[in-house]
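I opened this model to look up a few things and wrote down what I found. The entries follow the order in which I looked.

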Amino acid sequence: MMTKPICILGAIGVALMCADLGGQTPASVATAGFDLSGYWTSPLVEDALERGAGPELADYGGFPINEAARLFALSYDASRVTLRHHQCDGYVAPYSVRSIGNARAWEERDSHTQRLIAIHWYNQTFEGHRVIWMDGRPHPPAYAPHTWMGFSTGRFVGNALEVQTSHLKQGWLRRNGLPESDQATVVEFFVRHGDHLTHTSVINDPVYLIEPEVRTTDFFRQPADHQNWLFNCDDGEQILGRAPDSVPNYRFGANPFVKEFGDKYRLPAAAYLGGPETAYPEFESRIASLTDADARAKLRPTTVDVTSRAIDSEPHDGEIHVWALRDNVYLLLGDGGNIVVQTGDEGALVVDSGSGRLADKVVAAIRRLSEKPIQFIANTNFRADHTGGNAVLRAAGSDPSVSGTFFALQFADAGVGATISAHQNVQTRMVASGRPAAGNPSDTFLEERRRTFHNNDAIEMFWEPQAVTDGDSIVHFRRADVIVTGDVFTTTRYPVIDLQSGGSVEGEIRALNDILNRTVYRHQEEGGTIVVPGHGYVCDEHEVVEYRDMVVIVRDRVRTMINSGATLEQVKAARVTADYDPRYGAASGPWTTSMFVEAVYRDLSKRK
Amino acid sequence: MVRRLGWVAIVCACSATVVAQRGGPPPPPRTQAPFDIMGYWVSLVNEDWRYRITMPPKGDFAGVPLNGAGRQAAAAWDPAKDEASGDACKAYGAGGVMRMPGRLHITWTTDDMLAIETDAGMQTRTIAFRGAGGEAGTWQGVSVGAWDRGDTAMSRGGFFPGAAVRGGSLRVVTTKMRAGYLRKNGVPYSSDAVMTEYFDRFDVPGGDSLLVISTEIVDPTYLMTPLWTSTHFKKQSDASGWNPRSCSSR
């Protein structure tokens, strides 16, 4: 009989569990959890005015920000929230915790095993619903979408719930323009003392912070459901007749409100413009000696070039990675520009074909998604990283819609291979550059739209004249509501405005606005239409809006300097992209910050 | 039958453990510490920044739930008068000093006594785990400490208490403080105030160690509701930056 020894072993095990081990629990050891469930309210004691009525303009004191963050904030004009696409901007998770209103937490458990799957934390303000996964799942890959709440995983450590969050959208450190980038990650600790909950967040942002930003927020437990959990927002026209390329902003050094806070509280401006030093005790004794010159030095960029600190969302492992977008539409990454595949009974429709280096693997990946051949390939532009795989993908497919037609009487190879569609200028430029004919588009269009109904979806190609080239198109899968933007929009770099290939900064802004004219968010400027950039991670309209704002603001700065008679060298020296360089900048490689600024300058100069 | 025997064994094992724990003197608090609190900690002043790192104007007490008497006292603040009466340290009492920009030096003075020194105002608070630390009527008052492991009398008596939360906080209750200021600009607390603090240490993966002090001040004289704040410090590897300085009213 084995039963008794098993019981004894069990008893020993339980005795060990029962024993008070005492002493220190190493911080890294995961432990049993505690109950976070219930209704919680944060008393508005700390930062009461900021969290309630709103922060003072230009008050960044105590934030360990870098120059780019300060310049971004000083360039920010609060009128920007009157723009349709900013009216319903949500709060990112760490800022949401600081918001006014109530919160609610609850557990999600597996109904069979009763294991804890997730802890949900819902903030009334902007209806911020966080899911903290407790089941050990990994964070998604770098090319996955970013959201206001990000992707969070948690574990109990000591007496705290430790949460790690990635994949956040760009949002606010403070809602007076102080930015938190989409590259920020957060570590949080929730610890409960009876009915008092303390939340600690540690934000790391390689783009905008020099040191981690630490915040602590108190909550007290509410015994009753106050029942008002919604935060409705619907955008509308707030200022009629405003030009679509207008984004309220201040030029460097021209923010008229910089001194307002200081005048009100008798502080030198250099004291509250932020920086890691302003959070340390030593700063207290330095304030009195700060001068106007110290402040002025913080209002304009220095001359140091800054390169992007963003995570590379490309896998670079020689493999093709597949990400399901919606319905039967997929993203394929790993071979240059992003590739999108729509599958169905009528055969695959592919948008762009990558660089061609891994074309065979692209074909194999598509075959895993669909047994049907590739019927159509749509090119968003002529560049090699978007069309390099055309020939191989074409050869791997066929177009039965052609082989049974009159074409077949005249062309023996009609329908052999997929049909490649693009704007005529794509074909023209590919032919002119001597690219192999097999990869060139054969089905071209000249005016604004090419359309087809394929695999039960209405698919439209819209020509975006003079955007980054003269042949750019965006592709909209209307039923799946996925827009593929090509290089009109990326999350990895400044737009590659190729003047020699017919690109222009004004056309680029028009193209970005054209994307925004077709998107619909699901909730609080998030979700809804999926936007696939030419390079980078899966987006929605919020990322396009931020990118559009950036291009407009840089254009405005360059245009102002041109109107003042500035030379190209003077514009470059002014570092008109300083607030965006840690996100998009490059000092070397095929598209540098200098090249972008030069393209904007030369384009605007010739139109002056 | 077998199943029942198993349960009996489990209950016996638990009981034996509890009995074993009851024998002998309790271990000293220092050895029971759920985390290492010792060392130098520097405050990161990024909340209530204007109120803490600069001198806020008289009567500016946003966020503090002062009652009428509290508002009256705040409006009557006169730093010159404080200096003249030897009360320059009113903002450096236990109810205010932890919010001051500065550094803490925390040490075990005995196995059941902690000392928290602040370089701001050169104050020392003694926290006793047995008996009471400090003196009544002083800026730092009388502090009693205990390890708070998040369990309750009910959970200790519950089934499978071994699954209770590990780790824990330092809970400190401070009373009998000399009346002082919550903020440097004369926002008051009275000698009747009771301050309960929870000290937690968080080790950020790949980053700093933080000391977070969650504080509740109950003051029937000057506050309408309890005042809650949480104040954070970063661990330093040494005493660099330690800068003892006298109390200042201005």
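**Loops with positive phi**

I started at A:Asn455, which counts as buried because it has 24 C-beta neighbours inside 10 Å. I noted the rule: a residue is buried if 20 or more other C-beta atoms lie within 10 Å of its own, exposed if 12 or fewer, and partly exposed in between, with C-beta atoms placed from the backbone. A:Asn455 is not a glycine, yet its phi is positive, at about 50 degrees. It sits in the loop between strand S19 (449–454) and strand S20 (457–464) of chain A. Helices (H or I, at least four residues) and strands (E, at least two) are DSSP runs, numbered from the N terminus.

I then looked up A:Asp47, another residue other than glycine with a positive phi, near 50 degrees. A:Asp47 is in the loop between strand S1 (38–41) and helix H2 (48–51) of chain A. A:Asp47 is buried, because 22 other C-beta atoms lie within 10 Å.

**What I am reading**

This is a predicted model, in which local features need pLDDT of at least 70 and side-chain atom pairs count only at pLDDT 80 or more, while totals for chains, interfaces and linings use all residues. Residues are numbered from 1 along each chain as its sequence is written, and chains are lettered from A and ligands numbered from 1 in the order in which they are written.

**The sheet**

In what order do the strands of the open sheet in chain A lie? I read S12-S13-S14-S15-S16-S17-S18, seven strands with mixed pairing. The edge strands, each pairing on one side only, are S12 (321–326) and S18 (443–445) of chain A. Two strands pair if DSSP finds at least two bridges between them. Strands of a sheet pair through backbone hydrogen bonds, either parallel or antiparallel.

I picked out one pair here: A:Arg326 has A:Val329 in S13(A) as its bridge partner.

Next I checked S17 (419–423) of chain A. Five of its five residues are buried. Strand S16 (residues 374–378) of chain A pairs with S17(A) in the parallel sense over three bridges, and A:Ala378 stands opposite A:Ser421. S17(A) and S18(A) also run parallel, joined by three bridges. There, A:Ala422 has A:Thr444 in S18(A) as its bridge partner. From S17(A) the chain crosses through H14(A) to S18(A) in a right-handed β-α-β crossover (with the strands pointing away from the viewer, the path from the first strand over the helix to the second runs clockwise).

**A helix with covered residues**

Among the buried residues of H19(A) are A:Phe596, A:Val597 and A:Val600.

**Two domains**

Chain A is divided into domain 1 (38–54 + 91–222) and domain 2 (321–607); such bounds come from an automatic or database domain assignment. Their C-alpha centres lie 35 Å apart. I found 15 residues of domain 1 in contact with 13 residues of domain 2 (contact: C-beta atoms, placed from the backbone, within 7 Å).

Conventions
Contact = placed C-beta atoms within 7 Å. Axes fitted to C-alpha atoms, helices over the stretch in contact; angles between N-to-C directions.
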